[in-house]
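Hi there,

I am passing a structure on to you, with some notes on what turned up in it. Please have a look at it first and then read on.

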Amino acid sequence: MHPRRPDGFDGLGYRSGARDEQGFGGAFPARSFSSASDLSHWVTTPPDIPGSRNLHWGEKSPPYGVPAPSTPLEGPAEEPFPGGGGSVPGQSSGEGPGAHEQLNRFAGFGIGLASLFTENVLAHPCIVLRRQCQVNYHARHYHLTPFTVINIMYSFNKTQGPRALWKGMGSTFIVQGVTLGAEGIISEFTPLPREISHKWNPKQIGEHLLLKSLTYIVAMPFYSASLIETVQSEIIRDNAGILECIKEGIGRVIGLGVPHSKRLLPLLSLIFPTVLHGVLHYIISSVIQKIVLLILKRKTYHSHLAESTSPVQSMLDAYFPELIANFAASLCSDVILYPLETVLHRLHIQGTRTIIDNTDLGYEVLPINTQYEGMRDCINTIRQEEGMLGFYKGFGAVVIQYTLHAAVLQITKIIYSTLLQNSV
């Protein structure tokens, strides 16, 4: 609770008004705001205010406490105080003191919401088609460019409706929730750190990566169930509930639920590729994010030193560098690990009796009948039968996904700049 006191009250005026002492006010004149009777209702004890010094009889105030001769001794200092009544540059006197702060918070929330919407909703059709191309070993068209991807998306939408492009979206949110929940629970009951401090050491990094690995293991069966929902053809798909992903994931662990074929790989065989992909994705994205954020902050710092920056640009620099860093980190990690992701998805989908769409024609369906013995066998088979480009099937969907993401970020920046310019 903040104490009730006049603006600019530092305790010296109280003492000089309450005690008219010669040795105190002569050599070091204090600022007088009003009489002692006017200030008696504000304080009941000698004030202990951060930033000021409570002087007692016989003490001397420091030299820097003496006001300059040209400085007026009456009235509070006109210094901007965060969250107080100080004036904000560019803010009119008619506005409230927190008008710009409220606008910044609202804009920051809107920017984050737009980025989250783009990553999980707007880009979901690209994720669906990308996964279908990755697991379709029959495909003759690899869809390496965005032009063929747009054509096949149009065919799916025309033959099966819009639901064919947004299937399994609820399960992706469930997997994210399970991952965050598992990470929080494991970090609470173990000494494994959830965050790395600035003074890190190899042991702390190893424990942090161990926490990430355990989290990916817990979420692995639910990730497998979500993968099936996103690639399963809408033609033979039942109207599954939103919690079907959790049911299928638990059934995969205990061996119950939908019957699978003998080619189904056990979960123990999927631990290594799943953890490898997850940990590498986390390391690459974290490193890229730190590097890009450092470059952007240095660029912003030098631009501030070179010339005075407008309030609009200063507020933009507070939000967008982190969004751009996250965008670059996600893009680089997805591109670098795309071949490993193709192998991982084929191992997860094998033996689940999943029927996918024909990505060559845009209609009809195809069964998944792979017989990989493990990660190494899957890599060798893809390289021999489909070539090196077989690892990049559906890569055009990644291009469309991040093009949309970049466009949304740019549009959001333009809207935010317009709102700030109108409010300044």
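A definition to begin with: a residue is called buried when its relative accessible area is under 20%, exposed when it is over 50%, and partly exposed in between, using a 1.4 Å probe and the protein chains only. What you have is a predicted model, in which local features need pLDDT of at least 70 and side-chain atom pairs count only at pLDDT 80 or more, while totals for chains, interfaces and linings use all residues. Residues are numbered from 1 along each chain as its sequence is written, and side-chain values use heavy atoms, with hydrogens and water left out.

First, the overall picture. The protein has 14 helices and 2 strands; these are DSSP runs numbered from the N terminus, helices being H or I with at least four residues and strands E with at least two. Of its 424 residues, 40% count as buried. The accessible surface comes to about 24700 Å², and 62% of that belongs to carbon and sulfur atoms; the areas come from the Shrake-Rupley method with a 1.4 Å probe. Taking contact to mean heavy atoms within 4.5 Å, residues 24 or more positions apart account for 79% of the contacts with a separation of 6 or more.

Next, the aromatic rings. Rings of Phe, Tyr and Trp (its six-membered ring) pair if their centres lie within 6.5 Å; planes under 30 degrees apart count as stacked, over 60 as edge-to-face and the rest as tilted. The structure holds 4 such pairs. One of them joins phenylalanine 327 and tyrosine 402, edge-to-face, at 5.8 Å centre to centre and with 65° between the planes. Phenylalanine 327 lies in helix H11 (residues 311-336) and tyrosine 402 in helix H14 (residues 395-423), so this pair ties together parts that are 75 residues apart in sequence. Phenylalanine 327 is buried, because its relative accessibility is 16%, and tyrosine 402 is buried at 5%.

Tyrosine 392 and phenylalanine 395 form an edge-to-face pair too, with 6.0 Å between centres and 80° between the planes. Tyrosine 392 has 30% relative accessibility and so counts as partly exposed. Ring pairs link Tyr338, Tyr392 and Phe395 into a cluster. Lysine 413 lies over the face of phenylalanine 320, 5.9 Å from the ring centre (the test is NZ of Lys or CZ of Arg within 6 Å of the centre and within 35 degrees of the ring normal).

In H9 (residues 244-254), the buried residues are Cys245, Gly249, Gly251 and Arg252. Down the axis of H9 they fall within an arc of 165°, so they line one face of the helix; the arc is that of the directions from the axis to the C-beta atoms. Lys247 and Ile254 are exposed on the other side of H9. Glycine 255 follows H9 and has a positive phi, near 80°.

In H13 (residues 375-385), Met375, Cys378, Thr381 and Ile382 are buried. Their arc is 130°, so they too line one face of their helix. The face of H13 turned away from that side carries the exposed Arg376 and Gln384. Just after H13, glycine 387 takes a positive phi of about 80°.

Finally, isoleucine 127 lies in helix H5 (residues 124-135) and is buried at 17% relative accessibility. Leaving aside residues up to four places away in sequence, isoleucine 127 touches Glu119 and Gln401.

Best wishes
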